[in-house]
Amino acid sequence: MNEKTENTEKRAKRKVLRGVVVSDKMTKTRVVSVDHVIRHAVYAKTLRRHRKFYAHDEAGESKSGDLVEITSTRPLSALKRWRISRIVEKASK
């Protein structure tokens with residue numbers, strides 16, 4: 001085997017999350033809010049939680065309000081550990 005296939009076999013499966021772009025004010029960086037639903041352990045109430053991730057967007061294609069898929073990657077800056085892999089749905093104007 002060559003070196004390239006050996007490296008891909010060692011690499012762990014990358015995490016993929018889906019969220020909405022909430023800010024596109026930075027160059028090549030988007031802030032993506034990812035929602036998830038949990039049930040409270042004691043009260044069994046459904047709770048909606050969200051977390052913001054800084055994601056790299058090289059082409060600058062995504063805009064605020066777009067539904068995007070982000071993939072984990074190596075650290076790109078102090079805050080960026082994700083990149084936008086694809087735009088699932090464009091925001092309605």
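Colleague: What makes the pair formed by the side chains of Thr-71 and Ser-85 a polar contact?

Modeller: In this predicted model, the side chain of Thr-71 comes to 3.2 Å from the side chain of Ser-85. The cut-off for a pair of N or O atoms is 3.5 Å, so the value of 3.2 Å falls within it and the pair counts as a polar contact.

Colleague: Why is Thr-71 called buried?

Modeller: Its relative accessible area is 8%. Buried means under 20%, so Thr-71 belongs in that class. The residue sits in strand E4.

Colleague: Which residues does Thr-71 touch, leaving out those up to four places away in sequence?

Modeller: Thr-71 touches Arg-14, Lys-15 and Val-16, and also Arg-81, Trp-82, Arg-83 and Ser-85. The test for each is heavy atoms within 4.5 Å.

Colleague: Where is Asp-66, and is it buried or exposed?

Modeller: Asp-66 is in the loop between strand E3 (46–56) and strand E4 (67–72). Its relative accessible area is 2%; the limit for buried is under 20%, so Asp-66 is buried, although its place is in a loop.

Colleague: Which backbone atoms does the side chain of Asp-66 reach?

Modeller: The side chain reaches the backbone nitrogen of Lys-63 at 2.9 Å and the backbone nitrogen of Ala-91 at 2.7 Å.

Colleague: What else touches Asp-66 beyond four places in sequence?

Modeller: Besides Ala-91, the residues touching Asp-66 are Gly-19, Val-20, Val-21, Glu-61, Ile-87, Glu-89 and Lys-90.

Colleague: Is Val-42 buried or exposed, and what makes it so?

Modeller: Val-42 has a relative accessibility of 64%. Exposed means over 50%, so Val-42 is exposed. This residue is in the loop between strand E2 (29–39) and E3. From Val-42 to Arg-74 there are 32 residues in sequence and 38 Å in space, C-alpha to C-alpha.

Colleague: How does the radius of gyration of the chain stand against the globule rule?

Modeller: The rule gives a value near 12 Å for a compact globule of 93 residues, but the chain has 16 Å. Its C-alpha atoms fill a box of roughly 55 × 40 × 25 Å along the principal axes.

Colleague: What does the chain consist of in secondary structure, and in which order?

Modeller: There are 1 helix and 5 strands, following the pattern α-β-β-β-β-β along the sequence. Of the contacts with a separation of 6 or more, 48% join residues 24 or more positions apart.

Methods
Residues are numbered from 1 along each chain as its sequence is written. This is a predicted model: local features need pLDDT of at least 70, side-chain atom pairs count only at pLDDT 80 or more; totals for chains, interfaces and linings use all residues. Side-chain values use heavy atoms; hydrogens and water are left out. Helices (H or I, at least four residues) and strands (E, at least two) are DSSP runs, numbered from the N terminus. The radius of gyration is taken over C-alpha atoms; the globule rule is 2.2 Å times the number of residues to the power 0.38. Buried means under 20% relative accessible area, exposed over 50%, partly exposed in between (1.4 Å probe, protein chains only). A polar contact is a pair of N or O atoms within 3.5 Å; within protein, one must be able to donate a hydrogen and the other to accept it, and residues adjacent in sequence count only if both atoms are side-chain atoms.
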